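Here is a friendly briefing to read beside the model. Keep the sequence and the 3D view open as you go through the topics.

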Amino acid sequence: MDTALEILDPLIFDKAYAYFVPAKAPLAFNNNATGLGLDLNAAPTYGSAWARDNIIRQSISILIITQIGATSIYWIFSALSYYFIFDRRLEYHPRFLKNQVRQEIISSMRAVPWINIMTLPFFLAEVRGKSLLYTRVEDYGWTWMVISTILFMIWNDFMIYWIHRLEHHPSVYKYVHKPHHKWIVPTPWAALAFHPVDGYLQSLPYHVFVFICPVQKYLYMVLFGLVQIWTILIHDGDMITGHWLEKYINSPAHHTLHHIYFTVNYGQYFTWADSYFKSHRPPQPDLDPLIEALRVMREKGLVDEQGNPIPQKKDAKGKGGKDDGLSKTRHRSAPLVTAIPHFPLPYNGAGHRDWQLRSAPATLFKVPAYLILS
């Protein structure tokens, strides 16, 4: 955060604070400092009554930066992911809510300011020199840059795994984490759509790390930004399976299964914690929520049996039907899966959905996914 202030203070904030909180006199005076009455050690005010190291000024500046920064990353990368990666056909899934994208955006925009306020003490401590952030690469060397990056990822992955898993405990879940699981089939817009306390708790490892481990401050700024982008991308719903990386990387497919099945894939970057603590569920073609979305679309006459769009008839005024997003999305082929009759998903005793499917009847048979009927 001090990096951002170094850039923005001379460009914007000095002028802003000089305008809104002007100094009463052009110079600081102290009768005990010199014979002329000038305090030569006073911090430069740049025309404002608040010097750059004024804690009130720093707090306000940090809140402005985090609000604009978080919302900018959210809007830019959520839009890119939604329009260029997310498969819009998933919006026909029966568990995709009415006006869900709008609800996700509203929930996110309500959460961000409160998260910024709760994380303010960490950022404030950083800019006031209380953390282990450092400027000169030479102080620790380039090797430490690599090591600290690896440690940052391992620390965050382990801590977020347990924070996330504990948030699923019945005594905590309904108060903190339940709002984020409102989105059973999430879009990238759901990346920040959670209770503010939930967002704060899951961000704690990132903030705490720089107080226990030295990190070069520009590297930390990059890593912190990438974390926000990764959080968006794992909500794109892309069920890529059969790739060797899926054994090690907690991909969007893994996180999609977490939203659907609830008690699996708690990790952030990697699958090792889920694998070790027995909560890993690998992506499989037959678990793709697109299967159910295509079934609904076939019933509506929007796609054929192969999942290809069916041209819609124009109305009397020569206009086409409602935009279904089919012309704007990638199409992945329907996989060969085991046909399982549709069962309602029961509530468990904790007051939330248990997303594990009930056992299917013994009469199972292999068919193309696009032929599955409920």
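This is a predicted model: local features need pLDDT of at least 70, side-chain atom pairs count only at pLDDT 80 or more; totals for chains, interfaces and linings use all residues.

Helices (H or I, at least four residues) and strands (E, at least two) are DSSP runs, numbered from the N terminus. Residues are numbered from 1 along each chain as its sequence is written, and side-chain values use heavy atoms, with hydrogens and water left out.

**The chain as a whole**

- The secondary structure comes to 10 helices and 4 strands, and along the sequence they follow the pattern α-α-α-β-α-α-α-β-α-α-α-α-β-β.
- Of the 374 residues in the chain, 46% are buried; buried means under 20% relative accessible area, exposed over 50%, and partly exposed in between (1.4 Å probe, protein chains only).
- Among contacts (heavy atoms within 4.5 Å) between residues at least 6 apart in sequence, 72% join residues at least 24 apart.
- The accessible surface of the chain is about 19,800 Å², and 64% of that belongs to carbon and sulfur atoms. Such areas come from the Shrake-Rupley method with a 1.4 Å probe; for residues, only the protein chains shown count as cover.

**The loop between α8 and α9**

- Most residues other than glycine have a negative phi.
- F262, although not a glycine, has a positive phi of about 75°. F262 sits in the loop between α8 (252-261) and α9 (272-276), and F262 is buried, at a relative accessible area of 3%.
- N265 is also not a glycine, and its phi is positive at about 55°. The relative accessible area of N265 is 0%, so N265 counts as buried.

**D274 in helix α9**

- D274 lies in helix α9.
- A salt bridge is a side-chain nitrogen of Lys or Arg within 4 Å of a carboxyl oxygen of Asp or Glu.
- The D274 side chain does make a polar contact with the side chain of S279, at 2.6 Å. A polar contact is a pair of N or O atoms within 3.5 Å; within protein, one must be able to donate a hydrogen and the other to accept it, and residues adjacent in sequence count only if both atoms are side-chain atoms.
- Leaving out residues up to four places away in sequence, D274 touches Y161, N265, Y266, G267, S279 and H280.

**Salt bridges**

- The count comes to 10 salt bridges.
- D9 pairs with R57 in a salt bridge, with the closest N and O atoms 3.1 Å apart. This pair links distant parts of the chain, with D9 in helix α1 and R57 in helix α2, 48 residues apart.
- D9 is buried at a relative accessible area of 7%, and R57 is buried at 1%.
- D9, D14, R52 and R57 are linked in a network of salt bridges.
- R136 forms a salt bridge with D139, the closest N and O atoms being 3.3 Å apart. D139 is partly exposed, at 43% relative accessible area.

**Helix α10**

- Helix α10 (residues 290-299) is mostly covered, with 9 of its 10 residues buried.
- Within α10, E292 and R295 lie 3 residues apart, about one turn of the helix. They form a salt bridge, with the closest N and O atoms at 2.6 Å.
- E292 is buried at 17% relative accessibility, and R295 is buried at 9%.
- Just after α10, G301 takes a positive phi of about 75°.

- L8 belongs to helix α1 (residues 2-20) and is partly exposed, at 23% relative accessibility.
- Setting aside residues up to four places away in sequence, L8 touches F13 and I65. The C-alpha atoms of L8 and I65 are separated by 9.1 Å, and the two residues are 57 residues apart along the chain.
- I55, I56, I60, I64 and I68 make a nonpolar surface patch of about 410 Å². Patches are made of residues with over 30% relative accessible area and no salt bridge, with like charges joined within 9 Å and nonpolar side chains (Val, Leu, Ile, Met, Phe, Trp, Tyr) within 5 Å.
- I60, in helix α2 (residues 55-84), is partly exposed at 34% relative accessibility.
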